[in-house]
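Have the coordinates open in your viewer and follow along.

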Amino acid sequence: MEDIHVSKRHPRAESIRIRERLTGHIETKVLALAGLIAHGRGEAFDYILGEETTPSAKTAITAAAATLLLAEHPVLSVNGNVAALCAEEFVELSEATGAKLEVNLFHRLPGREEAIEAVLREAGAGEVLGVDGSATARIKEIFSDRRTVDPRGIFVADVVFVPLEDGDRTEGLVRMGKKVVTVDLNPMSRTAQFADVTIVDNVVRAMPLLVSEAERLKASSGEELKRILDAYDNARVLSESMETMLKRLGKLSERGVYLEPSEG
Ligand code: ATP
Ligand code: MG
């Protein structure tokens, strides 16, 4: 897919390029229409956050890498949005942590699993779970028809990485006793609130950082990784992300009009 031309001076040039990538994936079936709406919800929070990775998001990224490296059966859950936005980084994270890749969809429309699997394979993935009718296990903790998972993957996992996930399903995973790591721009979403480690950042910015953190920490001992997690406080990370948004809006609210039209 070719990127459209966006002027470098456009204040949301990167965001427009990402939108273009997502809308292109409607045609490939990787993305359901609801995925576009979910992305828009995330973008609104990114706007308020300042479109930067905050220091507390970096703390959460370190804890996320440690959690995945300490896990016995870690699984990276892939949906349409993350396949469209960061398939390469998912494959790299899976290689760095030994976690399995599982396609886990809210909307299992015909052709979607295959399309997402193809994107993952193109990004270099080997084993891909949750496809070809292999999502046969039912999570009884999730009360909807969107609860099937792979018996070799999420069903038996101790740690599940579920970026951009719906709250009902996250709650189901937590009730099953799984540790949940997420990336979610909205610190108030149920997923952000229920997870053990919440990276409040755009998944596009967070994934490369998470991959390098996992590669850096890979050589650490179990004791060192446990120490990182003992010192980690997800509630504090969530508070800090809310505070960043609050402070930024507070500053802008002193002026109300703070943008000037550019010349010619
Ligand atoms: P919940 O079900 O957890 O209460 P919700 O119903 O408000 O959340 P969903 O559409 O179920 O929202 O979940 C998608 C989540 O992904 C949203 O919280 C949204 O902010 C977040 N999101 C969307 N795009 C991105 C992105 N690019 N990076 C990070 N987070 C994103
Ligand atoms: Mg939801």
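The lining of the largest cavity in this predicted model divides by class into 5 nonpolar, 1 polar and 4 charged residues. That cavity holds about 60 Å³ of space, and the structure has 1 cavity of 30 Å³ or more.

**The cavity**

**The largest pocket**

- The largest pocket has a volume of about 810 Å³.
- Its lining is made up of 32 residues, and those closest to the centre are A38, H39, L164, E165 and D166.
- Four helices each give at least two residues to this lining: α2 (33-49), α4, α6 (167-175) and α7 (190-194).
- Which helix supplies the largest share of the lining of the largest pocket? It is α2, with 8 residues.
- Sorted by class, the pocket lining has 10 nonpolar, 13 polar and 9 charged residues.

**Helices α4 and α5**

- Helix α4 spans residues 80-97 and helix α5 spans residues 112-122; they pack at an angle of about 30°, and their axes are 9 Å apart.
- Angles under 35 degrees count as roughly parallel, so α4 and α5 are roughly parallel to each other.
- The two helices, α4 and α5, cross in a right-handed sense.
- On the α4 side the contact is made by G80, A83, A87 and V91, and on the α5 side by R112, I116, V119 and L120.
- The contact of α4 with α5 comprises 6 nonpolar, 1 polar and 1 charged residues.

**Helices α3 and α9**

- Helix α3 (residues 55-70) and helix α9 (residues 222-230) have axes that come within 9 Å and cross at roughly 135°.
- The crossing in which α3 passes α9 is left-handed.
- From α3, the contact draws on T62, A63, A66, T67, L69 and L70, while α9 brings G222, L225, K226, I228 and L229.
- By class, the contact of α3 with α9 contains 7 nonpolar, 3 polar and 1 charged residues.

**Helices α2 and α10**

- The pocket-lining helix α2 also packs with helix α10 (residues 234-253): their axes come within 8 Å and cross at roughly 65°.
- In this contact α2 uses F45, Y47, I48 and L49, and α10 uses S241, T244, M245, R248 and L249.
- The residues of the contact of α2 with α10 fall into 6 nonpolar, 2 polar and 1 charged.

Conventions:
Residues are numbered from 1 along each chain as its sequence is written. Chains are lettered from A and ligands numbered from 1 in the order in which they are written. This is a predicted model: local features need pLDDT of at least 70, side-chain atom pairs count only at pLDDT 80 or more; totals for chains, interfaces and linings use all residues. Side-chain values use heavy atoms; hydrogens and water are left out. Axes are lines fitted to C-alpha atoms, for helices over the stretch in contact, and angles run from 0 to 180 degrees between N-to-C directions. Angles under 35 degrees count as roughly parallel, over 145 as roughly antiparallel, 65 to 115 as roughly perpendicular and the rest as oblique. A crossing is left-handed if the near helix is turned anticlockwise from the far one by less than a right angle, and right-handed if clockwise. Contact means heavy atoms within 4.5 Å. Ala, Val, Leu, Ile, Met, Phe, Trp, Tyr, Cys and Pro count as nonpolar, Asp, Glu, Lys and Arg as charged, and the others, Gly among them, as polar. On a 1 Å grid over the protein atoms alone, a cavity is a set of points where a 1.4 Å probe fits but cannot get out, and a pocket is an open set with protein on both sides within 12 Å along at least five of seven lines; lining residues have an atom within 4 Å of a point. Grid points are joined across faces, edges and corners, and a volume is the space filled by probe spheres set on the points.
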